[in-house]
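Subject: Handing over the structure

Hi,

Here is the structure I promised to pass on. Have a look at it first, and then read on for my notes.

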Amino acid sequence: MSEVPRLPRSTAVAPQKASVGAVPAKGGPAAASTPVAPKKVSFGAALGNGLAAATRALIRATSWIFGQVASRSGNALADFRARPEHSRWRAYALISYFMVVAATLAGQLYTDNVLSAYVRVQRVELPAMTQIFVRNDSGKSWRDVRIVLNGIYQYRTDEVVPGGHVMLPVNKFAIRDQLGKPTFAPRSIAPKTLLVDTSGGRYETEFRE
C-alpha cells in the first residue's frame with residue numbers, strides 16, 4: 001500500500017494586543033508627551049486687573065449713592081411743595097426778585113439834577129473874565145430863580161423859560177446886606193460851586209479844575 005502524504009498543519013497565530021500610547025511617527029521614534037506649564041501673570045497685568053475691578057466697584061457704589069440722594073431729594077421736594085409754607089416762600093422769592101429789579105431800575109434812572117440844568121464855566125481871554133453859563137434843558141419854566149456862586153454870591157431872576165439860559169460874568173454875582181446894597185464878587189474869583197434854586201427844585205454842582 002502506498003503511503004498518503006500528510007499535509008502540514010496550520011499554526012495558530014496569536015493575536016497581537018494593540019499598544020496604548022503614542023503612535024510612533026512614521027520612520028522615527030515615538031514623540032514624548034510634554035506637560036504644559038501654567039502661564040505666569042505679570043505684575044503689570046495683575047495691577048491693571050485690580051484697578052479695573054476697583055473702578056467698577058467705585059462706579060457701582062457712586063451710582064447707588066447718587067440714586068439714593070436723588071430719590072430722597074425728590075421726596076423732600078414733593079413733601080415741601082405739599083406744605084402751605086411752599087406758597088409763602090415762593091411769594092417771598094418773587095417779591096424779593098421784583099424788589100431787586102425795581103431798585104436796579106431806580107438806580108439807573110435816578111438823577112440828582114431834577115431841574116435838568118446845564119451848567120458850564122466859560123473863561124474868556126480878551127478881556128480876561130470868567131463867565132457862568134446856566135441853561136434850562138427841562139420842559140418847564142423855572143420860577144423864582146436864585147443862582148448862588150461859591151455859596152455866597154447870588155444872582156436872582158423871576159423866570160427862565162424852557163431852553164432859555166443865563167450867562168453872567170462872576171463879578172455880577174453879589175452879596176446884599178439888609179438894605180439891599182450889593183457887594184459884588186471880584187473878577188478874579190475862582191468858581192468852586194454853583195447852586196440853582198427854584199420854586200420847583202434845586203440843583204447843586206461842584207466845579208473841578
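First, a term: pLDDT is the predictor's confidence in each residue, on a scale from 0 to 100. The protein averages a pLDDT of 76, and 58% of the residues score at least 70. Residues 10-14 have a pLDDT below 50, and beyond near neighbours in sequence this stretch has zero contacts in the model (a contact means heavy atoms within 4.5 Å). Over residues 17-25 the pLDDT also stays under 50, and there the model has three contacts beyond four places in sequence.

Some housekeeping. This is a predicted model, where local features need pLDDT of at least 70 and side-chain atom pairs count only at pLDDT 80 or more, while totals for chains, interfaces and linings use all residues. Residues are numbered from 1 along each chain as its sequence is written, and side-chain values use heavy atoms, with hydrogens and water left out.

Now the core. A nonpolar core is a set of buried Ala, Val, Leu, Ile, Met, Phe, Trp, Tyr and Cys residues joined through side-chain atoms within 4.5 Å; buried means under 20% relative accessible area, exposed over 50%, and partly exposed in between (1.4 Å probe, protein chains only). The largest such core has 22 residues, and Ile 132, Val 134, Trp 142, Ile 147, Leu 149, Phe 173 and Leu 194 touch the most other members. The elements giving two or more residues to this core are S1, strand S2 (129-136), S3, S4, strand S5 (165-169) and strand S8 (193-198). Strands here are DSSP runs (E, at least two residues), as are helices (H or I, at least four), numbered from the N terminus. S3 supplies the largest share of the core, four residues.

What about the aromatic rings? Rings of Phe, Tyr and Trp (its six-membered ring) pair if their centres lie within 6.5 Å; planes under 30 degrees apart count as stacked, over 60 as edge-to-face and the rest as tilted. By this rule there are two aromatic pairs. Tyr 118 and Phe 133 have ring centres 6.2 Å apart and planes at 70°, so they are edge-to-face. This pair links distant parts of the chain, with Tyr 118 in strand S1 and Phe 133 in strand S2, 15 residues apart. Tyr 118 is partly exposed at 31%, whereas Phe 133 is buried at 9%. The other pair, Tyr 155 and Phe 173, is edge-to-face with 6.4 Å centre to centre and 70° between the planes. Tyr 155 sits in strand S4 and Phe 173 in the loop between S5 and strand S6 (174-176), 18 residues apart. Phe 173 is buried, with a relative accessible area of 1%, and Tyr 155 is partly exposed at 26%.

Then there is Asn 113, in the loop between helix H2 (85-109) and strand S1 (117-124). At 16% relative accessibility, Asn 113 counts as buried. A polar atom of its side chain lies 3.1 Å from the backbone nitrogen of Ser 116, and the side chain of Asn 113 also reaches the backbone oxygen of Ala 117 at 2.8 Å.

Asp 144, in strand S3 (residues 142-149), has a positive phi near 50° and counts as exposed at 55%. Asn 150, in the loop between S3 and strand S4 (153-160), has a positive phi near 55°.

Cheers

Note on methods:
Polar contact = N/O pair within 3.5 Å; in protein donor to acceptor, adjacent residues only side chain to side chain.
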